[in-house]
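Here is my note on the model you sent, written as numbered points. Please keep the structure open beside the text while you read.

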Amino acid sequence: TGVTFVFRIYFENLSDVEIGALLWILRIASDEKYAFKVGMAKPLGLGSVTISHTLHTESRHQRYRTFIGDEVNTNAEDDTVSDEINTKEDEDQYIHAFQAFIISQLGDTDRKSVV
C-alpha cells in the first residue's frame, strides 16, 4: 500500500483519435473508483492501481529542423525543440476526437458522449 511507480509511455505518429483513446483510458484509470488491476492475486484485491498522467507533445517538424544545426534554421525562434505540456483543454480536444469517431462508427447521431 502506498507504493508509487513512475513510468513513461512513448508514442509516435498517432492520430488525434488514437491519442484520444489513450487519454480516455488514462483518465478512467485516474479515478479511484475504477482502480486497474495488475500483477497476481487480483481476486484478493492485490494489484489495484490508479494512474495519474501528464501529456507532453513535441513538434516533430521543429525537432528535425534543430537536429542538424543552426545553418538549417531560418528563424531564431526555432532554436529550441518544443516540448509542450498539454493542458486539460488540450486533452479534452483529443478525447472529443476519439468520442466523435466512436459515435460515428456506432451510427448514433443523437449521442454526444461514449460515457
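1. A polar contact of 3.2 Å joins the side chains of Thr-57 and Asn-86, where a polar contact is a pair of N or O atoms within 3.5 Å, and within protein one must be able to donate a hydrogen and the other to accept it, while residues adjacent in sequence count only if both atoms are side-chain atoms. Thr-57 has its place in strand β3, and with a relative accessible area of 18% Thr-57 is buried (buried means under 20% relative accessible area, exposed over 50%, and partly exposed in between, with a 1.4 Å probe and protein chains only).

2. On the source: this is a predicted model, in which local features need pLDDT of at least 70 and side-chain atom pairs count only at pLDDT 80 or more, whereas totals for chains, interfaces and linings use all residues. Residues are numbered from 1 along each chain as its sequence is written, and side-chain values use heavy atoms, with hydrogens and water left out.

3. After α3 comes Gly-107, whose phi is positive, near 75°.

4. Which residues of α3 are buried? They are Glu-91, Tyr-94, Ile-95, Phe-98, Gln-99 and Ile-103, and the buried residues of α3 pack against α1 (16-29) and β3 (56-58). Glu-91, at 7% relative accessibility, counts as buried, and Glu-91 touches Leu-23, Arg-27, His-53 and Leu-55, leaving aside residues up to four places away in sequence (contact means heavy atoms within 4.5 Å).

5. The structure holds one aromatic pair. Trp-24 and Phe-98 form this pair, which is tilted, with 5.4 Å centre to centre and 50° between the planes; rings of Phe, Tyr and Trp (its six-membered ring) pair if their centres lie within 6.5 Å, and planes under 30 degrees apart count as stacked, over 60 as edge-to-face and the rest as tilted. Because Trp-24 lies in helix α1 and Phe-98 in helix α3, the pair ties together parts that are 74 residues apart in sequence. Trp-24 counts as partly exposed at 25% relative accessibility, whereas Phe-98 counts as buried at 11%.

How values were computed: Helix = DSSP H or I, 4+ residues; strand = E, 2+ residues; numbered from the N terminus.
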